[in-house]
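I opened the notebook to record what I looked up in this structure, entry by entry.

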Number of protein chains: 2
Amino acid sequence: MSIKKALRVTNKLIAGVPSKDRIWLLANCEPVDLVFGDILSEADRPIEHVYFPLVGFISLVAPLNGHQPLEMGLVGNEGMVGVTLKLGIKTAPMRAVVQGSGTALRLTGSKFTRYFGDTPAMCRILDQYLYVLMAQLMQSAACTRFHEIEPRLARWLLMTHDRAHADHFHLTHEFLADMLGVRRSGVSIAASALQLRKLIGYTRGEISILNRKGLEEASCECYDAMLDDYSNVLG
Amino acid sequence: MSIKKALRVTNKLIAGVPSKDRIWLLANCEPVDLVFGDILSEADRPIEHVYFPLVGFISLVAPLNGHQPLEMGLVGNEGMVGVTLKLGIKTAPMRAVVQGSGTALRLTGSKFTRYFGDTPAMCRILDQYLYVLMAQLMQSAACTRFHEIEPRLARWLLMTHDRAHADHFHLTHEFLADMLGVRRSGVSIAASALQLRKLIGYTRGEISILNRKGLEEASCECYDAMLDDYSNVLG
DNA sequence: ACCGTTCTGTACGGTCGCCCACATAGGCAG
DNA sequence: CTGCCTATGTGGGCGACCGTACAGAACGGT
């Protein structure tokens, strides 16, 4: 990817950084494909690269002995994978796994670490994003504990919709069940209900968003809460 | 409290900071009582003070519309309340409420914010603690979702034991139920089971730790995981 | 000694997770 | 067309936990 083309990239963190930093980032990042299932960083393992997604999305999951990993956060072009490097700890607190294929700009962890010490403006944005991420973790945790499957499914579809930049994506019930930490047939029932109300359509893993407004109403308040957290801090 | 006395305080973050910073902190902090039920900071409200507990402990809870607030973290003399100020955001991401009475050193948020910009060593420790806190949030979230009441209760008692510096404290089943996000009678059953095994004893809200080793075995792996996270990063 | 409050034990019906099995249905390859 | 594979709908049996309710037990004040 030429720098010229990269300058038009849509990662919001990169876009929000002062132009000096943006130029440095674009010169030092390399474009990579994000392929469904790729693990960008593993819990308790060193962070090799940080990633700024352009298209596609990554989910942050906490693996727990003997259980399906539980999703705690979703990263698209509004964020990045690996911010925690900014805290001076080399290992990742959780697994980052690609859920929607696409492309990202990536940077080696060591370059990233060395650079931001000299750039207060970028530091500030990274700090803000860290805060948003923490808020997202907490909201997810409470939501997982208290809310029912259907609103949570609606929320997940909305968040994915925002990050996929498309009305249509590939997701099986099985997969959604893992993300939400529920059983597959629970997703089948919730998805049927949403389809019955013509909010979504799906066949064999192909899901379409038919009525976004309706989905927002069907979703729990956590969706709005997370949007607000992001826009209050980084908006 | 005289500075001389304060120098002997047992807050581990303060103890870990370079002596120049420690002296500044002790000169600028004021001692306050932590009284059970006090709210030190409220979700989405400005952080007035940061607190370094000396004795007693504070729990970090996420309130969700129409539900009991869910506990996501516990802070004792190994940590502090209000670290997120370091990220440059004035508002707290969650509620901090005193669960074990005691004392703390507190500092106004604005002094805290103004000071640490000039002290890289202290910054580093704050960053590390932020990382530990994030790890704790995630572990809590996954634990809440997947683990059963009895091991979770054991874990909570252990964490409290560590922070209370006493084998005995006041806690009703009702209160524990709120902390764990379960119903009261669920706690009664789990607590009976632990008492039957002579790991704990309790009568009318007075709980004693009788067999710590046994409790550690009864607890889920999350207890060890959180200890490891702390000692790997700040140990 | 008495009563009210607080704390704890226990029970019931319902929800929803688990694992499992099986039927249907669409897509794909031979 | 036929058979295979994957995705989905459905149901059963089991257990954990929910909301709720009620009863006994311990304590505190009068």
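Where in chain A does A:Gly205 lie? I found A:Gly205 in the loop between strand S7 (200-203) and strand S8 (206-209) of chain A, strands being DSSP runs (E, at least two residues) numbered from the N terminus.

I noted that this is a predicted model, in which local features need pLDDT of at least 70 and side-chain atom pairs count only at pLDDT 80 or more, whereas totals for chains, interfaces and linings use all residues. Residues are numbered from 1 along each chain as its sequence is written, and chains are lettered from A and ligands numbered from 1 in the order in which they are written.

I then looked up the pairing, for which DSSP must find at least two bridges between two strands. S7(A) and S8(A) run antiparallel and are joined by four bridges, with A:Ile200 opposite A:Ile209. In this hairpin, which has two residues between the strands, A:Arg204 takes a positive phi near 45 degrees. Strand S6 (residues 168-170) of chain A is also antiparallel to S8(A), through three bridges, and there A:His170 stands opposite A:Glu206.

Is A:Gly205 buried or exposed? I recorded A:Gly205 as exposed because it has 12 C-beta neighbours inside 10 Å; the cut-offs are 20 or more other C-beta atoms within 10 Å for buried, 12 or fewer for exposed, and partly exposed in between, with C-beta atoms placed from the backbone. Leaving out residues up to four places away in sequence, A:Gly205 touches A:His170, A:Leu171 and A:Thr172, contact meaning C-beta atoms within 7 Å.

Conventions
Contact = placed C-beta atoms within 7 Å.
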